[in-house]
Amino acid sequence: MIAYEQVEDYMKEVGLKYIKTPNDFIAGLAVKTDKQYAQDMAYELNSRGEGAPVDNSHFYELKNRSLDGSVYVSAAFDGGVFRHIGNLTIDNAELFGSRVLDLCCDCGIVTCFMAKQFPDKSFVGIDINEAAIENAKELAARLGVTNAEFVCADVFELDLGKKFDCVTSFRSLLDACEMTTQGLNFVGYRPEREESYKNAFMGFAKTVANHLAENGTLISVERYTAEYGWLGWLEALAECGMKFDIEKCTQMQAQDISSTKDYSVTFAGFGYDGEALDAFNGVLARKFKSGTGYDGGMAEFALYYDSEGEIEFTDVIKGRRTIHQYAFATAKSGKKMYYDAANNNRKIKYYNEKKEGRMREDFESKLKLYDEDKFEIKQYTK
């Protein structure tokens, strides 16, 4: 991506350099900190990669053992999205007002960037991790930032007793809502699934609403995307009285050390007029073309957005989790639609009447793989 000059200058000043490979990451981390820190971080990341239970509080304690270590880890895993956020900040300077609250700020990299970019505004960064807050204070001192303060607090219990013109949440939900989102379905009937995410995000949304001025703006960049979770986040904000700037809401991609990640971008507040579902549909419809097969979040979007009449669903359930979902529908154009989703693997096909038999056969053969003595097969229309 192309970042504004002031964004790249700041990244260089802080030390956020692109890191190309995991080996480069570990070697560089050992140089920046010490071998023990690098070994501990490598073990933590390898454990996660092998499917060990995720404990974000432990990870951030380890990450913030030192400021240099924390910045270097951020460079590897969040440097790309930080550059996007820097550009976003500059492009929307008029929305920041005079007082800004940055939720779950970690070691303060983005908070300090915003404070340097807008020296006439005051900033408060919040994080539950005391080591992260101490690192943020150290970073601000290194950079000569005097218009930002950092407070150690739980975002779900936060009550600063004042309102802010802008509240920012940059890559915060995934970690802050780790406990409330555990066990939620990745697939299933979308309104029910997103309702569960809405409930999981409600505490965070209430904190935003309680601290946002009447004409203020929430700017949120999150890992929850159209595949699951983003609509629930929008609905949580809406239940707290907020609406959306549909034109500004969007999706983005950012590169990290190992892959390209998707992010949702939300602009919300009490002074906008867009509804949650309209904002969600408005973003995805910009790139949607009826009749085209899709993978991922766009596949499910096509099913709900482009279907006319009832949708035939078949859910494969194990315990309380929906592990596979199939659906048949008719598109507004008259073409048929066949949807197949298992965890993060989703796809939709459009086909004509002549292929109906073939699609049904494919569905039946896949469904037979699930022993009805071990799995619940739920069929319904909506």
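**Rings, charges and a buried lysine**

Q: Is F204 buried or exposed, going by its relative accessibility?
A: This is a predicted model, where local features need pLDDT of at least 70 and side-chain atom pairs count only at pLDDT 80 or more, while totals for chains, interfaces and linings use all residues. Residues are numbered from 1 along each chain as its sequence is written, and side-chain values use heavy atoms, leaving out hydrogens and water. Buried means under 20% relative accessible area, exposed over 50% and partly exposed in between, with a 1.4 Å probe and protein chains only. F204 comes out at 0%, so F204 counts as buried.

Q: Which residue does F204 form an edge-to-face aromatic pair with?
A: Searching the whole structure turns up 28 aromatic pairs (rings of Phe, Tyr and Trp, its six-membered ring, with centres within 6.5 Å; planes under 30 degrees apart are stacked, over 60 edge-to-face, the rest tilted). In one of them, at 6.2 Å centre to centre and 80° between the planes, the partner of F204 is F156.

Q: Is F156 buried or partly exposed?
A: F204 is buried at 0%. F156 has 35% relative accessibility, so F156 counts as partly exposed.

Q: Which helix does the Y326 and F363 pair tie to strand β11?
A: Y326 and F363 pair edge-to-face, 5.2 Å centre to centre with 70° between the planes. Y326 lies in strand β11 (residues 321–330), so the pair ties together parts 37 residues apart in sequence, with F363 in helix α13.

Q: Which ring does the charged end of K121 sit over?
A: A charge counts as over a ring if NZ of Lys or CZ of Arg is within 6 Å of the ring centre and within 35 degrees of the ring normal. R99 does this with F164, 5.8 Å from its centre. For K121, the distance is 5.5 Å and the ring is that of F118.

Q: Which side chain makes a polar contact with the side chain of K198?
A: K198 is in helix α9, and its relative accessible area of 8% makes it buried. A polar contact is a pair of N or O atoms within 3.5 Å; within protein, one must be able to donate a hydrogen and the other to accept it, and residues adjacent in sequence count only if both atoms are side-chain atoms. At 3.2 Å, the partner of K198 is E195.

Conventions. Helices (H or I, at least four residues) and strands (E, at least two) are DSSP runs, numbered from the N terminus.
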